[in-house]
Amino acid sequence: MEVKALKDKVNELMVNQHHMLEAIKYLSDKVEEMTKNENCGKSDVKDILESQTMIDEIIVKNSDDIESIKKTKEENAAAIKILDTKIDKVREEIEMTKNCIKDKTEKAKSELKLKKPSNSIKCNLCEESFNLFSNLENHIKKAHEDYQQFKCDQCEKTFVLKWRLRKHMNLHNINVSHPCHYFNNGKKCPFEDLGCK
C-alpha cells in the first residue's frame, strides 16, 4: 500500500471514529432520556437498535482497516530495513572511493615533491641554469657587467635577451596588438624592469 493510500485510510478511520463517537453520544442521550421518561415508545427503541447496528458495522470495518494498516506497516518496515542495508552499502562504497581518491592524491603530491623543476634555460656566459627567462635576465644583469645589450632603435630601451627586444618592437607597430596580459588588463608588468614594455 502506498503512503498516500495509507494516509487516506488513516484519515477515513479518524472520520469513522468521529461518527462512532457521535453515535455513542446519541445513544447515551437516548438511554438517559428513556430512563427519565417511562413512556418511551417503540420508535425510540428502534432508533437505538439502528444506531447500535451502525456502530457495530463501523467497529467491524475499523478493525479490518486497522489490521490492514498494521500489515502494511510491517511490510513497509521490511522494505525500509532492506533500503537501510542498501544505503549502508552505498555509504561504505563512497567512503572507500573517497579514501582511494585521497590516497592517489597524496601519492601524486608526494611524487610531485620528489620531482625538481627542470632548469633548462642556461646562461651563455657562465652555464648556470634557470627555470624562467626572467630569472636568467636578472642573473645576467647582476652577475655579468659586460653582457651584450639589445637596444631598441625607436625608443632607446635596452634588453638582455634578443627575443625580449623583438617582443618590445611590437609596441611600436600600430597594427600589432600587445600580447602581454598585464598590459592588456591595465596592470603593472612585473617584468617591466627587464624591458618588457
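Here is a walk through this predicted model, from its overall fold to a few individual residues.

Two points on conventions come before the tour. Because the model is predicted, local features need pLDDT of at least 70 and side-chain atom pairs count only at pLDDT 80 or more, while totals for chains, interfaces and linings use all residues. Residues are numbered from 1 along each chain as its sequence is written, and side-chain values use heavy atoms, with hydrogens and water left out.

Let us start with the fold. The chain holds 5 helices and 4 strands, where helices (H or I, at least four residues) and strands (E, at least two) are DSSP runs numbered from the N terminus. Their order along the sequence is α-α-β-β-α-β-β-α-α. Of the 197 residues, 20% count as buried; here buried means under 20% relative accessible area, exposed means over 50%, and partly exposed lies in between (1.4 Å probe, protein chains only). If you take the contacts (heavy atoms within 4.5 Å) with a separation of 6 or more, residues 24 or more positions apart account for 40% of them.

The largest nonpolar core consists of 8 residues, namely Ile121, Cys123, Phe130, Leu136, Ile140, Tyr147, Val160 and Leu161. Such a core is a set of buried Ala, Val, Leu, Ile, Met, Phe, Trp, Tyr and Cys residues joined through side-chain atoms within 4.5 Å. Follow leucine 161 in particular: setting aside neighbours within four places in sequence, leucine 161 touches Phe133, Leu136, Glu137, Ile140 and Phe150. Helix H3 supplies the buried residues Ser134, Leu136, Glu137, His139 and Ile140. The cover over these buried residues includes strand S1 (121-122), strand S2 (129-130) and H4.

For the search, a 1 Å grid is laid over the protein atoms alone; a pocket is an open set of points where a 1.4 Å probe fits, with protein on both sides within 12 Å along at least five of seven lines, and lining residues have an atom within 4 Å of a point. The lining is made up of Lys122, Cys123, Asn124, Leu125, Leu136, Ile140, Tyr147, Gln148, Phe150, Val160 and Leu161. By class, that gives 8 nonpolar, 2 polar and 1 charged residues, with Ala, Val, Leu, Ile, Met, Phe, Trp, Tyr, Cys and Pro taken as nonpolar, Asp, Glu, Lys and Arg as charged, and the others, Gly among them, as polar.

Now for the charged pairs. The whole structure contains 3 salt bridges, each a side-chain nitrogen of Lys or Arg within 4 Å of a carboxyl oxygen of Asp or Glu. In one of them, glutamate 137 and arginine 164 come together at 2.4 Å, N to O. This pair links distant parts of the chain, with glutamate 137 in helix H3 (residues 133-143) and arginine 164 in helix H4 (residues 162-172), 27 residues apart. Glutamate 137 is buried at 0% relative accessibility, and arginine 164 is buried too, at 4%.

Helix H2 (residues 42-114) holds arginine 91 and aspartate 88, 3 residues apart and so separated by about one helical turn. Their closest N and O atoms are 3.8 Å apart in a salt bridge. Arginine 91 is exposed at 55% relative accessible area, whereas aspartate 88 is partly exposed at 39%. Lysine 98 and glutamate 95 also sit in H2, again 3 residues apart, and their side chains form a salt bridge at 3.9 Å, N to O. Glutamate 95 is partly exposed, at 40%.

Most residues other than glycine have a negative phi. Glutamate 127, however, has a positive phi near 70°. Glutamate 127 belongs to the loop between S1 and S2 and is exposed, with a relative accessible area of 53%. Proline 190 is found in the segment after helix H5 (181-184) and is partly exposed at 46%. Proline 190 and serine 134 are 56 residues apart in sequence, with 9.5 Å between their C-alpha atoms.
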